[in-house]
Amino acid sequence: YSVQGSGIGSLYGEQPEIGIRPMEGGEDDYSPKLNPKRSIMLSEFKVWSRQEKNGLKDFALAQCKVAVVLAVAHFGNTFEPSYQRNENKAPSMFWLVNAFLLVGTISTWTWKASSAGRGGGTPRIVCLGREQTEEWKGWMQWAFIFYHYYRVHYVYNEIRVFVSAYVWMTGFGNFLYFDRKGDFSIERFVSMIIRINYFPLMLSYFLTVPLELYYVVPLHTTGFVVTMITCFIGLQFERTLGMSYWKSRIAAVLLSFLVHVCFYETSAVELLKLFSEEYYFRFQADKYSAWLGMVGGLLWGKVGEYMNWAHGFENEQRRQMASIVQCIVGVALIAFWYIFFGSISDKYTYNPIHPYVFVFAVIGWLMVRNCTRYLTECHSTLLEFLGRNTLETYVLQFHLFMCHNVQYIPVVIPGSDKDGSAAMKFLNMLLCGCVFLSMAVWARKITVSTQLSVVDLVKHIRGTTESSVTQVLPQQSSGEEARPATNGEELVELTKAVPASGHVA
């Protein structure tokens, strides 16, 4: 706003005409300016800074805590004595720790009966629910970490499938969220960017580690952004062009596929080398993973209909037959992947074909894991716990479970060096693992606290909180109404979309 009447006429003693008019964009050197919008934003910041929960106090406390985690990570990363990781090759130990995990999985196996949907009625069968998604992430992460630790090179192809399954879940879960919630707000974008990138970027900067070491982070970030854009385009097709739901979503997904092909299957992909050769390889290996996840999210409603038809409570004979067929087909798909592709011993031969074939193993696993109603209702709480902390365990494994950017094994217990006994080396691994896992869990809580605090600040600034002062200001030119705040759980989780419950994937 500007004040009228402060022009040249007042210099000659004329009585100026005082009035208030909105500024129309140009700078007026003769007019004093009042900026109520900036003043209100400052007021909102003060309100945010004084609030008890998710305010400045929580944000500052989270930064103090993350400083402690970074200090511990630096200490662990530079720890001596240590020995080279390649001298820790022990396939038998790899399978032993996986056997321990199996025992823990069975011991924490939990069953919860299928419940009716929000509208009541017959209980619904939920395939790949939130708990099962976390469980899946948990055991894959366990295998991934110990593959690094014990240098089990012959499971390289399987580990590549696990990494691609993670990226697949990014496309899958975020497609379900955006398609159902229609939440394309700045708050959502900021929330997810912080959740995925905040802690890895802090580690990379303060430990002077190249971000390429955490290559999964940019893969997840890119998958999230691409999925968000694809879903937004699909919604616009429906609203502005009058297309039906299926036509609009299929058109958006196909457009996304066309963009993928034009980039990854042409010389345009060479642009990735401007960042690094590592990114060039990693993005090529998972070039269609998130897109295939979007396809899965698009079709998941039909999958749910099939699951309730095949494994419902109406026809016991059909349920038994469906379970047998589903299990056989799932095993066949996994066997097909392994026999023709997974058994290739040369990784340089396997890598180029991996982006096109890993999905067979993923679909096969989902079919086997959900081949009975009982299995859809069960999960392991131990694996679910591990799955909730996969981002932090992924980045901290390089500095606390191993050291010197994953190239060495720390020797904390005397006698557990490369020439030490298997028992002492196992005890050393357990000690490092306890510290590593504890810090990872703490780091996740810190990241969530930072995430919620920053998102709350963004809500205040944009006027999307219920008591926000900025709600009195006119909407921006887009005309889009401010969206109500999503609940905290939806803001927090990285990959948790549940077909029946609306949790974020």
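Which helix contributes the largest share of the nonpolar patch? The structure is a predicted model, in which local features need pLDDT of at least 70 and side-chain atom pairs count only at pLDDT 80 or more, while totals for chains, interfaces and linings use all residues. Residues are numbered from 1 along each chain as its sequence is written, and side-chain values use heavy atoms, with hydrogens and water left out.

The largest share of the patch, 3 residues, comes from helix H8 (residues 245-264), helices being DSSP runs of H or I with at least four residues, numbered from the N terminus. The patch lies on the surface and is formed by Trp 246, Ile 250, Leu 254 and Leu 299, which together have about 350 Å² of accessible area, as given by the Shrake-Rupley method with a 1.4 Å probe and only the protein chains shown as cover. Trp 246, which lies in helix H8, is partly exposed, with a relative accessible area of 33%.

Arg 195, by contrast, is buried at 3% relative accessible area, where buried means under 20%, exposed over 50% and partly exposed in between (1.4 Å probe, protein chains only). Arg 195 belongs to helix H6 (residues 186-206).

Leu 396, leaving aside neighbours within four places in sequence, is in contact (heavy atoms within 4.5 Å) with several residues, including Phe 199, Leu 203 and Phe 401.

Methods:
Helix = DSSP H or I, 4+ residues; strand = E, 2+ residues; numbered from the N terminus. Patch = residues over 30% accessible without salt bridge, like charges linked within 9 Å, V, L, I, M, F, W, Y side chains within 5 Å. Salt bridge = Lys/Arg side-chain N within 4 Å of Asp/Glu carboxyl O.
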